[in-house]
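Here are my notes for a first pass through the model. Please keep the sequence and the 3D view open as you read.

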Amino acid sequence: MHHGITLSAFLHHEQRLHALSPDLAGVIEDMARAIKQISHLVSLGALGDVLGNANATNIQGEAQKKLDVLANDVILRHHERSGHVAAMASEEMESIYLLPIGEQRGDYLLVFDPLDGSTNIDINLSIGTIFSVLPCPPGVNEPREPDFLQPGRNQLCAGYAVYGQATVLVLTLGRGVLSFTLDRAVGEFVLVQENLHIADEGHEYAINTSNWRYWDPPVRRYIEECHAGAAGPRGKDFNMRWMGAMVADCHRVLSRGGVFLYPHDSRDPQRPGKLRQIYEANPIALLVEQAGGAASTGRASILDVVPQTLHQRIAVIMGARDEVRLIEAYHESCP
Ligand code: P6P
């Protein structure tokens, strides 16, 4: 593949050489346009009416930021009349989103977190959009919530955008991971890296250590050993990062290795984790696996878990394969 080609040229290449469905290519193009629009809104900061709270709470019980609502609407508008999708689901909407009556239904279900890391919005730190495409079950013209409850292995495409110094789109179609950067001069995403790969060993970990007292023993053991550094059982020093936005932390993991954890904790024993499976964990887990890493709950591959509800949460431990496997081993030895 030639670096410097546009996303559109890449998608045409995939249609010609890898039988990428034109409709699925259409979903990705529509999402790229939505991301460009969201990137513009994000860039306005205090100069636009985009900061602060929207005076509403979402299904998660979280205060919605104005940009949460704006980004959600932008993505809906870019897809609801495209003819590529059959229905959509989002972190910001309690139930699935059916297309306007009379609009052509496509073969795909689009799920997304329109703006991940919302607490970073008002302080101008990294935020992003996470999305994933699932097959609409054959013959289903009006999808219902159960049609979305598919394991992450069913994903046909997954990606995210990070709205940082540059707006970067990271994408997989199941044949490796590619990174595109938005060239604002021409309004195109340009291929800058392909075959992103996560080194098997890592020396960086990302976890919110203020939750230490709630962690299960295997996670405490792993982090304690990271803290012990070269003098400890791991025999090497580690570094810690925590961005407050999964998409930013996982972009670092995909870019330079390490591991990201938002594990199960005892604050709410019935709740398997904080992060949502269908539109946060599953897309990133597919990208991480496609980059040679591993994505686990600590006891099972995230991509194999069949969700029972649309907004189901899940424990997330993902990144460098050997680190994740070690954490899984600690879980196995601690029933
Ligand atoms: P905490 C953002 O709200 C998010 O869902 C993830 O993007 C992020 O990794 C996590 O929550 C941060 O959670 O408990 O550190 O604020």
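Does alanine 19 count as buried or exposed? It counts as exposed, because its relative accessibility is 66%. (Buried means under 20% relative accessible area, exposed over 50%, and partly exposed in between, with a 1.4 Å probe and protein chains only.)

1. Basis. This is a predicted model: local features need pLDDT of at least 70, side-chain atom pairs count only at pLDDT 80 or more, and totals for chains, interfaces and linings use all residues. Residues are numbered from 1 along each chain as its sequence is written, and side-chain values use heavy atoms, leaving out hydrogens and water.

2. Two positive phi values. Most residues other than glycine have a negative phi. Alanine 19 has a positive one, near 55°. Its place is the loop between α1 (7–18) and α2 (22–44). (Helices, H or I of at least four residues, and strands, E of at least two, are DSSP runs numbered from the N terminus.) Asparagine 124 also has a positive phi, near 60°. That residue sits in the loop between β5 (108–116) and β6 (127–135). Asparagine 124 counts as exposed because its relative accessibility is 70%.

3. Glutamate 94. Look in the loop between β3 (85–90) and β4 (97–98). Glutamate 94 counts as exposed, at 56% relative accessibility. Leaving aside residues up to four places away in sequence, it touches Ile59, Leu310 and His311. (Contact means heavy atoms within 4.5 Å.) Asparagine 141 is 47 residues from glutamate 94 in sequence and 21 Å from it in space, C-alpha to C-alpha.

4. Isoleucine 198. This residue lies in the loop between β10 (188–194) and β11 (204–206). Beyond residues up to four places away in sequence, its contacts include Val253, Leu254, Val288 and Ala320.

5. Helices α6 and α7. Helix α6 (residues 246–256) packs against helix α7 (residues 277–290) at about 10°, and the axes are 11 Å apart. (Axes are lines fitted to C-alpha atoms, for helices over the stretch in contact, and angles run from 0 to 180 degrees between N-to-C directions.) That makes the pair roughly parallel, a term for angles under 35 degrees. Met246, Cys250 and Leu254 of α6 meet Glu280, Ala281, Ile284, Leu287 and Val288 of α7. By class, this contact has 7 nonpolar, no polar and 1 charged residues. (Ala, Val, Leu, Ile, Met, Phe, Trp, Tyr, Cys and Pro count as nonpolar, Asp, Glu, Lys and Arg as charged, and the others, Gly among them, as polar.)

6. Largest pocket. Its volume is about 450 Å³. (On a 1 Å grid over the protein atoms alone, a pocket is an open set of points with protein on both sides within 12 Å along at least five of seven lines; a cavity is a set where a 1.4 Å probe fits but cannot get out; lining residues have an atom within 4 Å of a point. Grid points are joined across faces, edges and corners, and a volume is the space filled by probe spheres set on the points.) The lining has 24 residues, with Gly117, Ser118, Thr119, Gly244 and Lys274 nearest the centre. β5 gives the most, with 3 residues.

7. Cavities. The whole structure holds 3 cavities of 30 Å³ or more. The largest cavity has a volume of about 50 Å³. Its lining has 1 nonpolar, 1 polar and 5 charged residues.

How values were computed
Parallel < 35°, antiparallel > 145°, perpendicular 65-115°, else oblique.
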